Amino acid sequence: MANPILELENLKVYFNVGGGFLKKKDVVKAVDGISLKIYPGETFGLVGESGCGKSTTGRAIVKINQPTEGKILVNGEDITIIKGANLKKFKQDVQMIFQDPYASLNPRMTVGEIIKEPMDIHGIYKTNEEKEKRVRELLELVGLKPDHIRRYPHEFSGGQRQRIGIARTLALNPKFIVCDEPISALDVSIQAQVINLLEKIQAEMGISYLFIAHDLSMVKHISDRIGVMYLGNLVEVGDSDELYNNPLHPYTKALLSSVPIPDPRVAKSRERIVLQGELPSPINPPSGCVFRTRCPKAMEKCSQCKPELKKVKDRMVACFLYDGDKE
Amino acid sequence: MDLKKDELKLTPDLFEKLDENEKNAEKIAYESKTYFQDAWVRFKQNKLALAGLCFIIFMVACCIIIPIISPYTYDGQDMTNSNAGMSMAHLMGTDKFGRDILVRIMCGGRISLSVGAIAALIALVIGIIYGGISGYVGGKVDMVMMRFVDMMYSIPDMLYIIMIVVVLEPSMFSILLGISISSWMGMARQVRAQVMTLKEQEFSLAAFVLGASKSRILFKHLIINSMGPIIVSVTMLVPSAIFNEAFLGFLGIGLSAPQASWGTLANDARQIMMAYPMQVVWPVLAICLTMLALNFIGDGLGDALDPKKK
Ligand SMILES: Nc1ncnc2c1ncn2[C@@H]1O[C@H](COP(=O)(O)OP(=O)(O)OP(=O)(O)O)[C@@H](O)[C@H]1O
Ligand code: SF4
Ligand SMILES: [Mg+2]
């Protein structure tokens, strides 16, 4: 296989919260040792409950959050220590699409100015005419009218704004885009349109996506591979169809059992698992396996040591249940 | 629902393809208006604010025009006609040297209004830069910068102003310096608070991800979006600067004669107040009405520029 475009090596992102005069600070272990690889042209879906560290992972990749430990390699280069011209190149190659289309566009700039901004920053085009021509092309590409160029974001609907945001990231011809729940703020009827647009762009430009969502069924549709996160850890990584049809990790099973299934035969064969208890706080995660407080299959061993993400059959799983059947 | 079953029968010909126009039905909601055009519409609905604005425009126009078209000058003395009352020749009468009070009030207005405007602008620039950096950089830098502001705040305004004016000799420059130095802290605090909240918003994160420099993010994204509240507080700074300058004049450490601001005019007239009360009333009226009008404008702008009101 080709070299990965993105590689996370034991990535940890901790936040200091609270604390103050004579008070100890708490550490939020938002991301606690994730490793994964994403290949050119691939879509990697990242799912998990709210607060499990998906956004933090995505934000670390675009350098909004500083890693506490571990490496982030883009095209083999560690971006946490990148500087100068390489940093500039990195900013062109790696982009992000945000969750909230109402907050991600500067309300004081016209659509044209918003899409032009990355071109200005990186000096891609010399003259204003060239820039404007490119803006019009991009607007057309994302399904908006070129004459929307002088309008302001508040005049558009959520779906249209998300398209403007997409056009802005495409202005730099990126190779990798972090999509942080790009559709969760949109109407269901618009969601599919935006997904289709993202797929079309991927087909045309060969971009890789890290696609973050909390809804497995949506991620399955767009992703080649899926990673399931729980409390800052990756618990299962696998091919999207196989993971969806045959989940191995108890947490993935629970996640999937809450997804309604249209096919009654499949639905019957699947037990419905309702997770017990609350999601533990990332300030004080459980010892051993982070999922053990809610795991229906938890064993004694699970509280003593932490299961590693290991190869099980066709995928990677972090669970002691599968210690026996390595291939 | 009382639709009968057979009424619901759907056949393919019930569906037709959307034509191009309808496809864009996820549509442009309303007329293209910029934020400030929008604010203007809301501002106009506030009658008090609009009246305030008209008054200020009228006042500025008078201050510019009347000294030019009047046959009198602000320092032209006529001892034969001193302390005259109101007449057609001198609409507001004359002072103890026989100078036309109307012209003196208007020339004083030029000084008072410019002091107000310039001091507010200086406070604005310092406040934006100081507060912007403090809020954007955050952390320890922010802490140190804000403690300094707190310290400056704890000293009464008038203390600096009088100290600076006395040390540097009363002049336009020293008065402006004193007033600006005493009034930028509020602005800095406000800009900082705005920048702190805006910098976590996705549009400024987006600018960062696109590779925008710190100064670009600060000025093109954060400050621009704080403009609403900033403009409101600048409007409020103008009357307080006018008042401070007038107060200095009244204390007798304002501009030196024959130049005069509203404050020094009131101070001069004070000595003969018992005999000629109207000579005090005119400058005081000018100060009061101007401050009132500016406060109305500030309130109106506050409502008009607050996006949450929409
Ligand atoms: N800047 C920050 N400072 C402190 N804690 C943070 C910060 N950012 C995130 N966190 C914490 O880190 C944890 C992970 O947050 P994150 O936003 O990555 O979750 P998420 O998986 O994206 O959730 P969601 O589905 O709600 O977006 C949360 O407990 C959150 O409170
Ligand atoms: S390691 Fe233990 S607690 Fe964790 S998921 Fe597997 S069985 Fe459950
Ligand atoms: Mg998130």
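This is a predicted model: local features need pLDDT of at least 70, side-chain atom pairs count only at pLDDT 80 or more; totals for chains, interfaces and linings use all residues.
Is A:Asp241 buried, partly exposed or exposed, and what is its relative accessible area? A:Asp241 is partly exposed, with a relative accessible area of 41%, and this residue is taken up again below with its salt-bridge partner, A:Lys220.

**Interface between chain B and chain A**

- On the side of chain B, 26 residues are in contact with 38 residues of chain A, and the two chains bury about 2800 Å² between them, with 55% of that area on carbon and sulfur atoms.
- Between chain B and chain A there is 1 salt bridge, in which the side chains of B:Arg216 and A:Glu117 meet at 2.8 Å, taken from N to O.
- The elements of chain B that give two or more residues to the side touching chain A are helix H8 (202-209) and helix H9 (214-251), and the largest share of that side, 6 residues, comes from H8(B).
- By class, the side of chain B that touches chain A is made up of 12 nonpolar, 7 polar and 7 charged residues.
- Polar contacts also link the two chains, with 10 residue pairs counted where both residues are at pLDDT 80 or more.

**Surroundings of ligand 1**

- Ligand 1 is surrounded by 14 residues, of which the closest are A:Ser50, A:Gly51, A:Lys54, A:Ser55 and A:Thr56.
- With A:Cys52 the approach is made through the backbone, a polar atom of which is 3.2 Å from an oxygen atom of ligand 1.

**Salt bridges within the chains**

- Over all chains, the structure holds 22 salt bridges.
- A:Lys220 and A:Asp241 form one of them, with their closest N and O atoms 3.9 Å apart; because A:Lys220 lies in helix H7 (residues 216-222) and A:Asp241 in helix H8 (residues 240-245) of chain A, the pair ties together parts that are 21 residues apart in sequence.
- In chain B, B:Arg99 forms a salt bridge with B:Asp95, the closest N and O atoms being 3.0 Å apart, and here both partners are buried, B:Arg99 at 7% relative accessibility and B:Asp95 at 9%.
- B:Asp150 and B:Arg189 also form a salt bridge, at 2.6 Å between the closest N and O atoms; since B:Asp150 lies in helix H5 (residues 139-154) and B:Arg189 in helix H7 (residues 172-198) of chain B, this pair ties together parts that are 39 residues apart in sequence.
- B:Asp150 counts as partly exposed at 29% relative accessibility, and B:Arg189 is likewise partly exposed, with a relative accessible area of 34%.
- In chain A, salt bridges that share partners join A:Lys116, A:Glu132, A:Arg136 and A:Arg150 into one network.

**A buried arginine in chain A**

- A:Arg315 has its place in strand E12 (residues 315-317) of chain A, and it counts as buried because its relative accessibility is 3%, where the cut-off for buried is under 20%.
- The side chain of A:Arg315 makes a polar contact, at 3.0 Å, with the side chain of A:Asp314.
- Beyond its neighbours within four places in sequence, A:Arg315 is in contact with residues including A:Glu236, A:Glu242, A:Asn246 and A:Lys310.

Terms used: Residues are numbered from 1 along each chain as its sequence is written. Chains are lettered from A and ligands numbered from 1 in the order in which they are written. Side-chain values use heavy atoms; hydrogens and water are left out. Contact means heavy atoms within 4.5 Å. Buried area is the accessible area (1.4 Å probe) that two parts lose on being put together, summed over both. A salt bridge is a side-chain nitrogen of Lys or Arg within 4 Å of a carboxyl oxygen of Asp or Glu. A polar contact is a pair of N or O atoms within 3.5 Å; within protein, one must be able to donate a hydrogen and the other to accept it, and residues adjacent in sequence count only if both atoms are side-chain atoms. Helices (H or I, at least four residues) and strands (E, at least two) are DSSP runs, numbered from the N terminus. Ala, Val, Leu, Ile, Met, Phe, Trp, Tyr, Cys and Pro count as nonpolar, Asp, Glu, Lys and Arg as charged, and the others, Gly among them, as polar. Buried means under 20% relative accessible area, exposed over 50%, partly exposed in between (1.4 Å probe, protein chains only). A residue is near a molecule or strand if one of its heavy atoms lies within 4 Å of it.
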